[in-house]
Amino acid sequence: MRFCFLLVALALAYARAAEPPKPTHADVPYGAHAHQLIDIHVPPKGEGPFPALLWYGGIWKASKHAVDVNRFFPHGIAVVAVEVRTMEDATADKVTEPISYVLEDAMSAVKFVVENAEKWKLDPKRIALGGGSQGALPALYVGCKAPELVTCVAAYRCQPTIDPKRMQEWVPGVKWGAPALGCSFEESLKRRDELLPVIKKWSPDWLLHKNATPMYFENEWGMTKPDDITQGNYDVHSPAWAVGFQKLALAAGATCYVKYPGHPTEGYDDIWSFIVKQLTAKIPNP
């Protein structure tokens, strides 16, 4: 009987550990749309102001989720989960450039947090952005477009461009991103020259410059596809995306790190240590 109670207790403890963290401030709207929401997780100890990591959710289906706050609370860092209007929302509204909904909201969420930072005991001068897979695109966009707002950007197994030509240069045969440009991938590739002004307006790789915020990419797979991973999954999450982006970033004079198995980065163990070190570094005197 005692053994049964122990099993039940362990099961309950595991269930509690698996539950997502409860936000300090939940479903805070930064716009009028139902998908323009943030959850704010403030460290339980300390008075602040706390640096903050904003983590973006889905860009096709609306979602938001906080990364593991236990990676950041011990360092006095808050976590903000960001939900944005999606390309699905934009398509329903017949928007010509569906990616605009995603990236306009990405920028709006950062500005909203900065403007209201004092209310939540956050430090408006120490804001990191991040996302996994599709969620990294909005983070990279803001980090290149408005680096004055952002301390750093972390991108996990992501796709950092909506340029169909560059995608296939980096990962031959890959198809990703539709309907970011208002059409299918095949059509966007065919009409790429015509769509280039739109691509240059929104795609992070075309917005790179020497003052872009420092960026860190991490992938769990190497440059060769693991046997137990499908080709489609590997192509979309290959480190070749990050390597291609890094070449452009370094050529522009930007700071960009790339980590994958067999390819470590000096000074940082992973994206998490990068975020912590960047947000807790001493700010030099002006």
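Buried means under 20% relative accessible area, exposed means over 50%, and partly exposed lies in between (1.4 Å probe, protein chains only). A salt bridge is a side-chain nitrogen of Lys or Arg within 4 Å of a carboxyl oxygen of Asp or Glu.

The model is predicted: local features need pLDDT of at least 70, side-chain atom pairs count only at pLDDT 80 or more, and totals for chains, interfaces and linings use all residues. Residues are numbered from 1 along each chain as its sequence is written, and side-chain values use heavy atoms, with hydrogens and water left out.

A search of the whole structure gives 15 salt bridges. Three of them are listed here.

| Salt bridge | N to O distance |
|---|---|
| Lys-64 and Asp-39 | 3.6 Å |
| Arg-192 and Asp-163 | 2.7 Å |
| Arg-191 and Glu-194 | 2.8 Å |

Take Arg-192 and Asp-163, which meet in a salt bridge. Arg-192 lies in helix H7 (residues 192–202), and Asp-163 lies in the loop between strand S6 (152–156) and helix H5 (164–170), so the pair ties together parts 29 residues apart in sequence. Helices (H or I, at least four residues) and strands (E, at least two) are DSSP runs, numbered from the N terminus. Arg-192 is buried, at 11% relative accessible area. Asp-163 is buried too, at 0%.

Now Asp-39. This residue is buried, at 13%.

Glu-194 is exposed, at 53% relative accessibility. Arg-191 is partly exposed, at 24%.
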